[in-house]
Amino acid sequence: MRQKIITNLWFDTEAEEAAAYYVSIFKNSRIVHVAHYTEANPAQAGSVMIVEFELDGQRFVGINGGPQFHFTEAISLQVSCADQAEVDYFWQRLGEGGEEGPCGWLKDKYGLSWQVVPTGVEELVTDPDRERARRAMEAMYGMKKRDLAAMQAAADGTPVS
C-alpha cells in the first residue's frame, strides 16, 4: 500500500545531494524518482525540482524550492535505535558536517534536525518511580549523544565510572 502521508523537505538547491546522502546512511533505502524543472517553471530548466526517496521504507520528497525557507528544530526526524551501537552509528553518520545538540538531538549538514533514540529511553523517563525517572531525565539533559547505559545507571542511582 502506498504511504498516505509523505514528508516533504524543502532545500535551496541540494535535494538530490541530500537524498543520496540519507540513502547512503539507512539500510533498505533508495532514490525512487528525480524530476527536473521545465521551461514553464521559475527555476532554471533542467535543474532538479524534486527527489522522491525512501529511507528504510519511509517515503520522503526533497524539493529544491529556493532559499526562502530553512529547517528549524520545530520539526525533527526521530531514528529509533535497537542498541547503543546503532545510536553510535547514526549519531556519527548524521552528524558529519552538522552540529550536535542536547539530549540526543543533532542537525545534519543540511540543517535538518534528527533525534537519535535508543530503545528503552521512554521506559526510563516515564518510570512509575518518579525519583528513578527524574534521575534518568537529569542524566539525559547532561548528554549530547544519548547513552542508555549511563541513563540506566543514573536511574538506578549507580555512579558511572
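Predicted model: local features only at pLDDT ≥ 70, side-chain atom pairs only at ≥ 80, totals over all residues.
- In soluble globular proteins, nonpolar side chains tend to be buried together.
- Leu94, when residues up to four places away in sequence are not counted, touches Tyr21, Ile25, Phe26, Val79, Leu106, Lys107, Asp108, Trp114 and Val116.

**The aromatic rings**

- The structure holds 12 aromatic pairs, and in one of them Tyr21 and Tyr22 are tilted towards each other, with 5.8 Å from centre to centre and 55° between the planes.
- Both of these residues, Tyr21 and Tyr22, are buried.
- Tyr21 also pairs with Tyr110, and because the ring centres are 6.0 Å apart and the planes stand at 65°, this pair is edge-to-face.
- Tyr21 belongs to helix H1, whereas Tyr110 belongs to the loop between strand S7 (105-107) and S8, so their pair ties together parts that are 89 residues apart in sequence.
- Tyr21 counts as buried because its relative accessibility is 8%, and Tyr110 counts as buried because its relative accessibility is 14%; the cut-off for buried is under 20%.
- Ring pairs link a cluster made up of Phe11, Tyr21, Tyr22, Phe26, Phe53, Phe60, Phe71, Tyr89, Phe90, Tyr110 and Trp114.

**Helices H4 and H5**

- Helix H4 (130-141) has 12 residues, and the distance from its first C-alpha to its last is 16 Å, close to the 16 Å expected at 1.5 Å a residue.
- Arg132, Ala133, Ala136, Ala139 and Met140 are the buried residues of H4, and because they cover an arc of only 125° around the axis, they are on the same side of H4.
- On the other side of H4, the residues Arg130, Glu138 and Tyr141 are exposed.
- The buried residues of H4 are covered by parts of the structure that include H3 and H5, and those of H5 by parts that include helix H3 (121-125) and helix H4.
- In helix H5, which covers residues 148-156, the residues Ala150, Met151, Ala153 and Ala155 are buried.
- The N-terminal end of H5 is capped by Asp147, which has a side-chain oxygen 3.1 Å from the backbone nitrogen of Ala149.
- After H5 comes Gly157, and its phi is positive, near 75°.

**Residues with a positive phi**

- Most residues other than glycine have a negative phi, and most peptide bonds are trans.
- Asn28, a residue other than glycine, has a positive phi, near 55°, and Asn28 lies in the loop between H1 and strand S2 (30-36).
- With a relative accessible area of 62%, Asn28 is exposed.
- Asp56 also is a residue other than glycine with a positive phi, near 50°, and Asp56 is found in the loop between S3 and strand S4 (58-64).
- With a relative accessible area of 52%, Asp56 is exposed.

**Gln115 in strand S8**

- Gln115 lies in strand S8, where Gln115 is buried, with a relative accessible area of 15%.
- The side chain of Gln115 is joined to that of Ser76 by a polar contact of 2.9 Å.
- If the neighbours within four places in sequence are left aside, the residues in contact with Gln115 are Ser76, Leu77, Gln78, Val79, Gly104, Trp105 and Arg146.

Conventions
Residues numbered from 1 in each chain as written. Heavy atoms only, no water. Buried < 20%, exposed > 50% of the residue type's maximum accessible area, 1.4 Å probe, protein only. Helix = DSSP H or I, 4+ residues; strand = E, 2+ residues; numbered from the N terminus. Contact = heavy atoms within 4.5 Å. Polar contact = N/O pair within 3.5 Å; in protein donor to acceptor, adjacent residues only side chain to side chain. Expected span 1.5 Å × (residues − 1). Arc of directions from axis to C-beta. Phe/Tyr/Trp six-rings, centres within 6.5 Å; stacked < 30°, edge-to-face > 60°.
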